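Have the sequence and the picture ready as you read.

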Amino acid sequence: MRGEPIDADYLVPARYDQYYGAYATLPDWFPADLASRGEVLELACGTGRIAIPLAERGIEATGLDYSRQMLSLARSKAEARKVRVDWILGDMRRFETGTQYGSILLLHNALWHLHDLSDFEECMRCVLHHLAPGGCFILDVFVPGLEILNRDPGERYPFSRYRDRETGREVPVTESYRYEADTQIARLRHYREDSDEIVGGLNLRMYFPKELDALLKYNGMTIEGKFGSWNRDPFEPDSRHQLCFCTATRRRDDADGRSGRAPAELDQDSVRAGASRGSDTGRTGKRSRNAA
Ligand SMILES: C[S@@+](CC[C@H](N)C(=O)[O-])C[C@H]1O[C@@H](n2cnc3c(N)ncnc32)[C@H](O)[C@@H]1O
């Protein structure tokens, strides 16, 4: 991931919301569960599809993302709905907000953006550093679907649609999908209808169930519960989701000690596409709390 640009789909956030819906549908138990634990940090929060509905339920929420464009739409959506969310322009592998959270979220497959082992390790170290005692790290990522991974890279598949701002016309989007067995990364390209005009793309690192369990375990997390759906069905052979509730196995100090570098010393090279030091976040990703 390091050195790669921000995925093209995240440079046009209005389309992202049309692809997936402006707000995620959250089951009632979820905000209630979070509210019982206190302040929430959502990593890779995108356009606020989750953080904003949480804030509307009265939860103190912070959203962190490294796409300036996604955060800008998130901010204006929150303002329009008159809710307060703290938005941080930062990298989930190297942030320091100066706060500890009762829950830290990494939802809607955002884990797929941690491509390498070092990306995963750095992110988990930051999560451990920011989890309040007894706090919960909540992760939701699809089980890789073998029928999807086996797609023909030369084929086009229906993906979604968006409204063209100039013509007002609904534009169908098709997708090509190439899965690399060595990196476990799926390279997706999005095209305007059946043409060769590329309108976006994503590079997504798949996480297989036992691999994910091991990575969490060996990066200081205890999986307290793993569910196969947002109805909290058990994780089973046909499950589509990996919804994991984790607590810290290691103490916070141990997590910090494992890294040779403190978050404040890490550079912001991977905060690309216009993210600058001293803007929303400053060098460390830390900013004072203020209204959205
Ligand atoms: C699937 S999208 C948004 C997920 C969001 N939770 C939702 O439900 O819409 C993933 C987001 O991850 C962000 N992202 C990818 N890599 C990141 C990184 N290293 N640090 C912070 N954000 C990152 C992208 O900019 C994008 O907004």
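What follows is a set of questions and answers about this predicted model.

Q: How many helices and strands does the protein have?
A: The secondary structure comes to eight helices and 11 strands. Among the 292 residues, 38% count as buried.

Q: Why is Thr222 called partly exposed?
A: Let's count neighbours. Thr222 has 13 C-beta neighbours inside 10 Å. A residue is buried with 20 or more and exposed with 12 or fewer, and partly exposed in between. The value of 13 falls in between, so Thr222 counts as partly exposed.

Q: Where is Thr222, and which residues does Thr222 touch, not counting those up to four places away in sequence?
A: Thr222 sits in strand E10. Leaving out residues up to four places away in sequence, Thr222 touches Cys246, Thr247 and Thr249. Arg250 is 28 residues from Thr222 along the chain, and their C-alpha atoms are separated by 9.0 Å.

Q: What makes E3 and E10 edge strands?
A: Start with the order of the open sheet of seven strands: E3-E2-E1-E4-E5-E11-E10, with mixed pairing. Strand E3 (86-89) and strand E10 (221-227) each pair on one side only, and that is what puts them at the edges. From one strand to the next, the twist averages 20°.

Q: How do you know that E4 and E5 pair, and in which sense?
A: Two strands pair if there are at least two bridges between them. Strand E4 (residues 101-106) and strand E5 (residues 131-142) have five bridges, so they pass that test, and they run in the parallel sense. One example is Leu106, whose bridge partner in E5 is Leu139.

Q: Which helices pack on this sheet, and which strands do they touch?
A: Helix H4 (residues 68-80) is one of them, touching strand E2 (61-65) and E3. The direction of H4 makes about 170° with that of E3. Helix H5 (residues 117-130) packs on the sheet too, touching strand E1 (40-43), E4, E5, E10 and strand E11 (241-248). The direction of H5 makes about 145° with that of E5.

Q: How do you know that the span of H4 is close to the expected one?
A: H4 has 13 residues. The expected span is 1.5 Å times one less than the number of residues, which gives the 18 Å expected here. From its first C-alpha to its last, H4 reaches 18 Å, close to that expected value.

Q: Which residues of H4 are buried, and what do they pack against?
A: The buried residues are Arg68, Met70, Leu71, Ala74, Lys77 and Ala78. To be called buried, a residue needs 20 or more other C-beta atoms within 10 Å of its own. These residues of H4 pack against helix H1 (13-20), helix H3 (51-56), E2 and E3. After H4 comes Lys82, whose phi is positive, near 55°.

Q: What makes E6 and E7 a pair, and what makes E8 and E9 a pair?
A: The cut-off is at least two bridges. Six bridges join E6 to strand E7 (residues 170-180), and they run antiparallel. In this pair, Ser160 stands opposite Val173 in E7. Strand E8 (residues 185-192) and strand E9 (residues 198-205) have seven bridges, again in the antiparallel sense. Both counts meet the cut-off, so both couples of strands pair.

Q: Which residues of H1 are buried, and what do they pack against?
A: Pro13, Arg15, Tyr16 and Asp17 are the buried residues of H1. They pack against H4, strand E6 (157-163) and E9.

Q: Which residues are closest to the ligand?
A: Ala44, Gly46, Ser67, His108 and His113 are the closest of the 20 residues that surround the ligand. By class, this shell has 11 nonpolar, five polar and four charged residues.

Note on methods:
Residues numbered from 1 in each chain as written. Predicted model: local features only at pLDDT ≥ 70, side-chain atom pairs only at ≥ 80, totals over all residues. Near = placed C-beta within 6 Å. Nonpolar A, V, L, I, M, F, W, Y, C, P; charged D, E, K, R; others polar. Helix = DSSP H or I, 4+ residues; strand = E, 2+ residues; numbered from the N terminus. Axes fitted to C-alpha atoms, helices over the stretch in contact; angles between N-to-C directions. Contact = placed C-beta atoms within 7 Å.
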